[in-house]
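Thanks for making the time. Please bring up the sequence and the model, and we will walk through the fold.

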Amino acid sequence: MATSDAIPEMMTALQLVEYNKDYKLASIPVPVAGTGELLVRVAAASFCHTDLQVHQGVYESRFPMVPSHEPVGTIVRRGLNTDSKWEIGQWVGVLNFKHPCGSCRKCRWHKGEYGTLDARFCESKNMAGITTDGGFAEYLLADAATTVLLPEGLGFEQGAPLMCAGISVESTWRLLAGTAGRKAEDSGAPVTGNGPAAAAN
C-alpha cells in the first residue's frame, strides 16, 4: 500500500446528525483505504441541491453522515489493487457514485452491452455524502474507478463544483452525442444532475 507521511489517526469533519438541523463539528477516525480505493486529503468540497435534500431527509440518509458529494483534493494513500496511474500527491476530483456491485440487473446489462461496469447504473451503489461519508471532512475515501485527475492549472475551488455540475453537463453532451453509457436513441429526454434522481433515468 502506497502512502504519504504523517496521516493522522483522527480528523475533523462536519456531520449531519439530525435532519433540518445545523451540522455538527466532530472528531472522527480517518478512514482506511481498502482494495481499489484512494485516501484523499480534501482541499475543497461544494454544496449543491442534492446536499440540501440530504439535509432535509429526502433520501433518508443515515446518521451521523458527512455531507458533500463534490470534493477535490490530494491523494495521500493508495489501497491495494489500485491502478498504477494514481500517484501520491496527485490532485483529483471524486465523483459521487462508487463501488458497483457487478451482479444487479443494471450492472449485468452495462457489462454485457459495453464490457465495463459503471457505478452510475448500479442498483446498490454507494453515493458519497448520501449513503456513505462525503467531502466535508479532512479526508475522504474515493473509489479509484470514479476518481478523475484535475487538469493542470485548475484550482481546487474551481474543481469542486465540477464534480457534480460539471460532470452533469459533460455527461449530457456525451449522451446527446450517442457516446455515453447508453445509446442516445434509447435514452429519451436527458436529465442533468449527478444525484440519485439523475441515476434513476
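Let me start with the sheet. It is an open sheet of five strands in the order S8-S3-S4-S5-S9, paired antiparallel. Two strands pair if DSSP finds at least two bridges between them. The strands are DSSP runs of E with at least two residues, the helices are runs of H or I with at least four, and both are numbered from the N terminus. At the edges sit strand S8, 139–143, and strand S9, 147–149, each of which pairs on one side only. On average, neighbouring strands of this sheet are turned by 45° against each other, direction ignored. For that angle, axes are lines fitted to C-alpha atoms, for helices over the stretch in contact, and angles run from 0 to 180 degrees between N-to-C directions.

A word on what you are looking at. This is a predicted model, where local features need pLDDT of at least 70 and side-chain atom pairs count only at pLDDT 80 or more, while totals for chains, interfaces and linings use all residues. Residues are numbered from 1 along each chain as its sequence is written, and side-chain values use heavy atoms, with hydrogens and water left out.

Now the pairings. Strand S3, residues 37–45, pairs antiparallel with S8 over five bridges, and seven bridges join S3 to S4, also antiparallel.

For the whole protein, the count is four helices and nine strands. From the N terminus on, they run β-β-β-α-β-β-β-α-β-β-β-α-α. In helix H1, residues 49–56, the buried residues are Thr 50, Asp 51, Gln 53, Val 54 and His 55. Buried means under 20% relative accessible area, exposed over 50%, and partly exposed in between, with a 1.4 Å probe and protein chains only. Just after H1, Gly 57 takes a positive phi of about 90°. Of the 201 residues in the protein, 47% are buried.

Which residues touch the most other members of the largest nonpolar core? Of its 14 residues, they are Ile 7, Met 11, Ile 28, Val 30, Leu 39, Val 66 and Tyr 139. A nonpolar core here is a set of buried Ala, Val, Leu, Ile, Met, Phe, Trp, Tyr and Cys residues joined through side-chain atoms within 4.5 Å. S1, strand S2 (24–29) and S8 each supply at least two residues of this core. Apart from it lies another core of ten residues, among them Trp 86, Val 94, Leu 140 and Ala 142.

Met 11 has contacts, meaning heavy atoms within 4.5 Å. Leaving aside neighbours within four places in sequence, its partners include Ile 28, Val 30, Ala 137 and Tyr 139.

Last, confidence. pLDDT is the predictor's confidence in each residue, from 0 to 100. The protein averages 85, and 79% of the residues score at least 70. pLDDT stays under 50 over residues 182–193, for which the model has 22 contacts beyond four places in sequence. Over residues 197–201 pLDDT also stays under 50, with eight such contacts.
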